[in-house]
Amino acid sequence: MGELAAYDQVKGLILSNTSLPDSTLCHFLSSVGSGLVSSVCSTPADVVKTRLMQSGTPYTGTIDCVTKTVRHEGLGALYKGFFPTWARLGPWQLVFWMTYEHARKTVGMSGF
C-alpha cells in the first residue's frame, strides 16, 4: 500500500531538492522512504484485521474495532507491531527498488 507512489515521490524530492544524482544512494534512500511510508499506511489495517480475525472478538466490524481500539488504548494502539512490519517491508523494498532501477538502466529506460 503506497509503495510505488511513495518511492516516486521520495525519489523526486531527493532529485529536485538535493545535489544527489539518480544513483544507487538516491535509490537506497528512496527505498527506505518507501518502506517507511508503506509501513505507516499498512500497520493500522493489519492491527484491525488481526483483531477482527480473533476468535470471540468483541468487535462488530471494522469501524467498531477502530473506534473501540482508539478509545480504550489510544491512537498508538493502531501502530502496534510497526517496527516488525518495517523490518519485514524495509528489506523487501530495498531489494525490489534497487533491482528495478538496475534493470531499468540496463535495458535503457529513462527515469523521470
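In which sense, right-handed or left-handed, does α1 pass α2? The model is a predicted one, and in it α1 passes α2 in a right-handed crossing.

## Helices α1 and α2

Helix α1 covers residues 3-17 and helix α2 covers residues 24-53, and the two pack with their axes 8 Å apart, at an angle of about 140°. At that angle, α1 and α2 are described as oblique to each other. On the side of α1, the contact is made by E3, A6, Y7, V10, K11, I14 and L15, while α2 contributes C26, H27, L29, S30, S31, G33, S34, V37 and S38. Sorted by class, the residues of this contact of α1 with α2 divide into eight nonpolar, six polar and two charged.

When its neighbours within four places in sequence are left aside, I14 is in contact with L20, C26, L29 and S30. Although G12 and S30 are 18 residues apart in sequence, the distance from C-alpha to C-alpha is 8.9 Å.

## The other helix pairs

The axes of α1 and α4 come within 12 Å and cross at roughly 65°, an angle that makes α1 roughly perpendicular to α4. This crossing of α1 and α4 is right-handed. The residues that make the contact are E3, L4, Y7 and K11 of α1, together with L89, W92, Q93, W97, E101 and R104 of α4. By class, the contact of α1 with α4 has five nonpolar residues, one polar residue and four charged residues.

Helix α3, which covers residues 62-73, packs with α2 at an angle of about 105°, and the axes of the two helices are 10 Å apart. At this angle α2 and α3 are roughly perpendicular to each other. Here V48, R51 and L52 of α2 meet T62, C65, V66, T69 and E73 of α3, and the residues of the contact of α2 with α3 divide into four nonpolar, two polar and two charged.

| Helix pair | Angle | Axis distance |
|---|---|---|
| α1 and α2 | about 140° | 8 Å |
| α1 and α4 | roughly 65° | within 12 Å |
| α2 and α3 | about 105° | 10 Å |

Not counting residues up to four places away in sequence, S39 touches F82, T85, W86 and L89.

F82 and W86 form a tilted aromatic pair, with 6.0 Å from centre to centre and 40° between the planes. Both residues lie in helix α4, which covers residues 82-106, and they are four residues apart, about one turn of the helix.

W97 and Y100 form another aromatic pair, one that is edge-to-face, with 5.6 Å from centre to centre and 85° between the planes. These two residues likewise lie in helix α4, three residues apart, which is about one turn of the helix. W97 is buried, with a relative accessible area of 5%, while Y100 is partly exposed, with a relative accessible area of 36%. Ring pairs link W97 and Y100 with Y7, W92 and F96 into a cluster. Among the members of this cluster, Y7, W92 and W97 also take part in the contact of α1 with α4.

Key: Residues numbered from 1 in each chain as written. Predicted model: local features only at pLDDT ≥ 70, side-chain atom pairs only at ≥ 80, totals over all residues. Heavy atoms only, no water. Phe/Tyr/Trp six-rings, centres within 6.5 Å; stacked < 30°, edge-to-face > 60°. Buried < 20%, exposed > 50% of the residue type's maximum accessible area, 1.4 Å probe, protein only. Axes fitted to C-alpha atoms, helices over the stretch in contact; angles between N-to-C directions. Parallel < 35°, antiparallel > 145°, perpendicular 65-115°, else oblique. Left-handed = near helix turned anticlockwise from the far one by under 90°. Contact = heavy atoms within 4.5 Å. Nonpolar A, V, L, I, M, F, W, Y, C, P; charged D, E, K, R; others polar.
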